[in-house]
Amino acid sequence: NSFTITGRVEGAGKGEYLLLREVKPGVLEPVDSVIPQQNGRFAFRAVTETPSFFVLSMAHDDFLTLLAAPGEKIRVTASRHSLASPSEVSGSEGTQIMVDFRNQQQQVVSELGKLTEIYNDSILSLRLPLIMDSLDRKAAGIVADFRGKAVALLEANSTSMVSVYLLNQQVVPGLQLFDPARDQQLYYRVD
C-alpha cells in the first residue's frame with residue numbers, strides 16, 4: 001500500500017525543508033519531510049490504504065496538491081515558489097488531471113485580471129457604464145466557459161477522488177466554482 005514521490009525542486013534553498021502532508025478533514029497531517037539535495041532532488045515513500053490527497057510544500061503559499069494511490073510512483077519536477085505549476089508530473093493520473101485543471105484555472109484568473117486592468121484604465125471615462133457592461137459580459141462568458149469545462153471534467157471523473165477536488169475549487173478567491181445549493185445534482189452524482 002505504499003507509494004513514492006520523487007523528483008526535483010529547482011531553486012530550493014540550502015537547508016529548506018520539503019514537507020509531505022496528508023489532507024484530512026480540517027487538518028494537514030504531517031507525513032514526512034526532507035531537505036532536497038543540492039541539485040533539488042528528493043524522494044518520499046509513504047503509505048495509503050486508498051487514494052488520498054497529499055500536499056507537497058515548501059511554504060504555506062508554495063504547495064502542490066497530489067492525489068496518490070497505493071502503488072503509484074509519482075514523479076514531480078517543479079520550481080521553488082511555483083510548486084503548484086510543475087513542469088512535469090507523471091505516475092498519477094489523478095494528479096495530472098488536477099494539475100491540468102489548475103493550469104486552466106490560472107489562465108482564467110489571468111484573463112479576468114486583464115479585464116480588471118481595462119476597467120481600472122477606464123475609470124475616468126465618460127463611457128464607463130458601457131465599458132463595464134461589456135467587461136461584465138466578457139467576464140461572465142469566461143467564467144461560464146470555464147465552469148462548463150469543469151462540469152465535463154467532473155462528469156468524466158465522477159468515480160475518482162478528482163471529483164472531490166473539483167467540487168471544492170474556486171474560480172477566483174471568494175467565487176466557488178460549484179454551489180452545493182444550486183448544483184445539487186453534481187454533488188449527488190459524486191457522493
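**View 1. Accessible surface and overall dimensions of the predicted protein.** The accessible surface of the protein comes to about 11,000 Å², as computed by the Shrake-Rupley method with a 1.4 Å probe, and carbon and sulfur atoms account for 53% of that surface. The structure is a predicted model, in which local features need pLDDT of at least 70 and side-chain atom pairs count only at pLDDT 80 or more, while totals for chains, interfaces and linings use all residues. Residues are numbered from 1 along each chain as its sequence is written, and side-chain values use heavy atoms, with hydrogens and water left out. Along its principal axes, the C-alpha trace spans about 60 × 45 × 25 Å. Of the 191 residues in the protein, 37% are buried, where buried means under 20% relative accessible area, exposed over 50% and partly exposed in between, with a 1.4 Å probe and protein chains only.

View 2. The protein contains four helices and ten strands, taken as DSSP runs numbered from the N terminus, with helices (H or I) of at least four residues and strands (E) of at least two. Read along the sequence, these elements follow the pattern β-β-β-β-β-β-β-β-α-α-α-β-β-α.

**View 3. The open sheet of four strands.** Four strands, in the order β3-β2-β5-β6, form an open sheet with antiparallel pairing; two strands pair if DSSP finds at least two bridges between them. Strands β3 (27-34) and β6 (62-68) stand at the edges with a single partner strand each, so one side of each is left without a neighbour in the sheet. From one strand to the next, the twist averages 25°, with axes fitted to C-alpha atoms and angles running from 0 to 180 degrees between N-to-C directions.

**View 4. Strands β2 and β5, with helix α1 on the sheet.** Strand β2 (residues 18-24) and strand β5 (residues 52-59) run antiparallel and are joined by four bridges. The bridge partner of L20 is L56 in β5. Helix α1 (residues 93-121) packs on the sheet, where it touches β5 and β6, and its direction makes about 140° with that of β6; the helix axis is fitted over the stretch in contact, and contact means heavy atoms within 4.5 Å.

**View 5. H81 in a loop between two strands.** H81 lies in the loop between β7 (73-79) and β8 (88-90). The phi of H81 is near 80°, a positive value in a residue other than glycine. H81 is exposed, with a relative accessible area of 65%.
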